[in-house]
Amino acid sequence: MDTFRDKLVPVTSILAGVVVLWYVFAVVLNAPFQRDLDRRAGETSTFSELIGKTLSQPKPTLPAPHQVAVNFFENTFLRPITSNRSLVYNAWVTLSSTLLGFAFGTALGIIIAVGIVHVATLDRSLMPWIIASQTIPILAVAPMIIVVLGAIGISGLIPKAMISTYLSFFPVTVGMVKGLRSPEIMHLDLMHTYNASRAQTFWRLRVPASVPFLFTSMKVAVAASLVGAIVGELPTGAVAGIGAKLLAGAYYSQSIDIWSALVAGSVVAALLVMVVGIAGRLVDRAMGGRPA
Amino acid sequence: MTGNSPAVVAASKLGLTFQTNDGPVQALSNVDLTIGKGEFVSFIGPSGCGKTTLLRVIADLEKPTSGTISVNGMTAEQAREKRAYGYVFQAAALFPWRTIERNVGLPLEIMGLSRAEQGERIKRTLDLVNLSGFEKKYPWQLSGGMQQRASIARALAFDADLLLMDEPFGALDEIVRDHLNEQLLELWGRTNKTICFVTHSIPEAVYLSTRIVVMSPRPGRVSDIIESTLPRERPLDIRETPEFLAIAARVRDGLRAGHSYDD
């Protein structure tokens with residue numbers, strides 16, 4: 001009940017507002033082309049007829065929400081999932097490279113963080129490069145990664161996953177550096193009084209203390225991974241995947257397809273973030289976390 | 001081995017100067033102190049008098065910049081490496097992701113004791129601080145006083161003869177504090193450990209100690225050492241006796257003498 005009032009109502013109100021605005025813009029943006037069509041056909045439409053037509057164009061400038069919804073529904077539920085027009089199929093293609101890249105990125109991020117926390121030289125030398133790596137526009141880097149890897153015979157899933165890795169290791173590194181350094185002085189002193197080795201302090205204090213930071217940064221990283229996988233599909237001329245659908249939609253002016261692919265991408269992103277969040281909560285509970 | 005038991009803690013001309021951004025700060029200056037086996041010594045003084053710093057030097061958490069310190073006849077570092085003491089902090093400092101029994105077992109794990117030995121010692125020390133039955137609880141499920149008792153159990157678990165306590169009951173309310181003071185005295189009587197206890201409460205220091213070290217700030221130094229004439233058996237109401245009040249008055253005088261009230 002409280003979740004209903006605290007979360008569902010405000011979120012739904014915003015959604016309703018967005019939908020209304022969306023319809024208004026759909027009418028305004030599609031109207032010039034519709035008038036043009038009418039004039040050439042020698043028809044005159046009443047205002048309400050005009051509105052109806054602007055909301056049902058086959059290739060509208062801005063498709064109406066219900067057009068996107070119908071397209072999304074058809075391509076998600078009514079097609080066999082082996083069809084390359086199925087959104088489930090395309091989402092799965094993107095998801096697989098997202099997950100692979102996310103796994104690589106998380107592992108890489110943790111390894112770099114451990115190095116930074118334990119080796120002072122790495123802290124000074126590596127951190128500026130890591131930050132610089134994220135200022136390079138991924139759209140510029142992605143084609144080069146694909147081309148270079150293609151030249152040495154690596155193609156398919158791996159190059160796309162590497163772009164996801166490139167985007168997702170960063171938040172994990174930053175979060176884990178913070179997490180591994182989060183133990184209080186008192187806890188570190190305590191380990192010192194036991195004459196604990198660095199390894200013992202690492203496994204018994206730093207690692208457990210960093211777990212909440214890991215999950216927070218993994219939520220950011222998994223969303224970044226998905227963006228990476230979609231961006232990775234654009235320059236590869238990929239035949240399947242959400243990125244490929246976006247690109248194909250743009251080539252053939254299938255604006256409704258573009259929008260429903262966008263919706264599919266958002267749904268996948270939301271699901272991924274949710275799964276990481278639930279995993280985080282389960283781990284927290286297993287580690288004696290206080291129920292909220 | 002002579003008839004005299006060797007000193008557990010011996011400090012001579014001990015000094016410690018911290019280098020800060022505002023220049024050097026003399027936290028300890030010229031501290032001479034010998035603590036024998038089985039003593040209960042309190043360090044009392046206003047904040048900035050170096051009482052906690054002195055405790056941390058004994059624990060090898062800080063290095064002195066002049067003078068010498070020995071613990072159990074070794075350097076403080078060697079003593080720490082041999083796990084010669086258990087340290088109790090101002091806060092319980094339990095690991096929130098470990099149950100009470102696994103918190104108490106932490107030092108035992110680090111020392112590499114067998115599972116059976118760990119279990120046996122955890123049980124024994126939790127009995128000692130009256131926390132039996134709370135083995136599987138997480139720290140947040142316990143009250144502040146119980147958490148601090150668990151942290152005392154953790155310091156006792158590996159059977160060090162020396163217990164260093166840094167204002168362990170400072171954050172607790174007075175009723176809980178009285179209760180824990182009583183239990184601590186009882187524990188001390190039963191185990192014959194040497195206890196160094198930092199506090200800023202005069203009644204607490206007088207009630208607990210065989211010796212009270214009064215310290216004063218700027219620079220941190222020992223301004224008086226008062227031997228308690230109270231018997232080892234101390235019911236709580238001993239605090240109303242004239243003898244108790246006389247010692248408390250001496251401590252208060254010592255604190256006043258060492259502290260300039262000009263500022």
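Is Glu182(B) buried, exposed or partly exposed? Select Glu182(B) to begin. The model on screen is predicted. Glu182(B) sits in helix 6 of chain B, residues 174–191. It has 15 other C-beta atoms within 10 Å. A residue needs 20 or more to be buried and 12 or fewer to be exposed, so Glu182(B) is partly exposed.

**Stop 1: the core of chain B**

Keep Ile44(B) and select Val251(B). Leaving aside residues up to four places away in sequence, Val251(B) touches Ile44(B), Ile202(B), Ala205(B), Val206(B), Ile212(B), Val214(B) and Ile226(B). Val251(B) is one of the residues with the most contacts inside the largest nonpolar core, which has 84 residues. A second, separate core has 48 residues, among them Leu95(A), Phe170(A), Val268(A) and Leu272(A). In soluble globular proteins, nonpolar side chains tend to be buried together.

**Stop 2: helix 4 of chain B**

Select residues 115–128 of chain B. This is helix 4, with 14 residues; from first C-alpha to last it reaches 20 Å, close to the 20 Å expected at 1.5 Å a residue. Which residues of helix 4 of chain B are buried? They are Gln118(B), Arg121(B), Ile122(B), Thr125(B) and Leu126(B). Turn the view to look down the axis of the helix: the buried residues of helix 4 of chain B fall within an arc of 130°, so they line one face. An α-helix has 3.6 residues a turn, so residues three or four places apart point the same way.

On the other side of helix 4 of chain B, look for Ala116(B), Glu117(B) and Asp127(B), which are exposed. Then show helix 3 (100–111) and helix 5 (144–156) of chain B, which are included in what covers the buried residues of helix 4.

**Stop 3: positive phi angles in chain B**

Step just past the end of helix 4 of chain B to Asn130(B), where phi is positive, about 60°. Asn130(B) belongs to the loop between helix 4 and helix 5 of chain B. It is partly exposed, because 13 other C-beta atoms lie within 10 Å. Its C-alpha atom is separated by 9.5 Å from that of Ala153(B), 23 residues apart along the chain.

Next select Asn30(B), in strand 2 of chain B, residues 23–35. Asn30(B) has a positive phi near 55° and is a residue other than glycine. With 16 C-beta neighbours inside 10 Å, Asn30(B) counts as partly exposed.

Then go to Ala93(B), in the loop between strand 6 (85–88) and helix 3 of chain B. Its phi is also positive, about 55°, although Ala93(B) is not a glycine. Is Ala93(B) buried or exposed? Ala93(B) counts as buried, because it has 20 C-beta neighbours inside 10 Å.

**Stop 4: a cis peptide bond**

Select Arg218(B) and Pro219(B). The peptide bond that joins them is cis, with omega about -10°. Pro219(B) is in the loop between strand 9 (211–216) and strand 10 (221–227) of chain B.

**Stop 5: where the chains meet**

Show both chains. In chain A, 15 residues are in contact with 18 residues of chain B. Helix 8 (185–193) and helix 9 (198–233) of chain A each supply at least two residues of the side of chain A that touches chain B. Helix 8 of chain A gives the most to that side, with six residues. The residues on that side of chain A divide into six nonpolar, six polar and three charged.

**Stop 6**

Where does helix 9 of chain A bend? The bend, about 40°, is at Val211(A), and the proline Pro212(A) follows within four residues.

Last, select helix 5 of chain A, residues 120–133. This helix has a kink of about 35° at Leu126(A), shortly before the proline Pro128(A). Still, helix 5 of chain A reaches 20 Å from its first C-alpha to its last, close to the 20 Å expected. Of its 14 residues, the number buried is zero, so helix 5 of chain A lies largely in the open.

Key. Residues are numbered from 1 along each chain as its sequence is written. Chains are lettered from A and ligands numbered from 1 in the order in which they are written. This is a predicted model: local features need pLDDT of at least 70, side-chain atom pairs count only at pLDDT 80 or more; totals for chains, interfaces and linings use all residues. The expected span of a helix is 1.5 Å times one less than its number of residues. The arc is that of the directions from the helix axis to the C-beta atoms. Two residues are in contact if their C-beta atoms, placed from the backbone, lie within 7 Å. Ala, Val, Leu, Ile, Met, Phe, Trp, Tyr, Cys and Pro count as nonpolar, Asp, Glu, Lys and Arg as charged, and the others, Gly among them, as polar. A nonpolar core is a set of buried Ala, Val, Leu, Ile, Met, Phe, Trp, Tyr and Cys residues joined through C-beta atoms within 7 Å. The bend at a residue is the angle between axes fitted to the seven residues ending there and the seven starting there.
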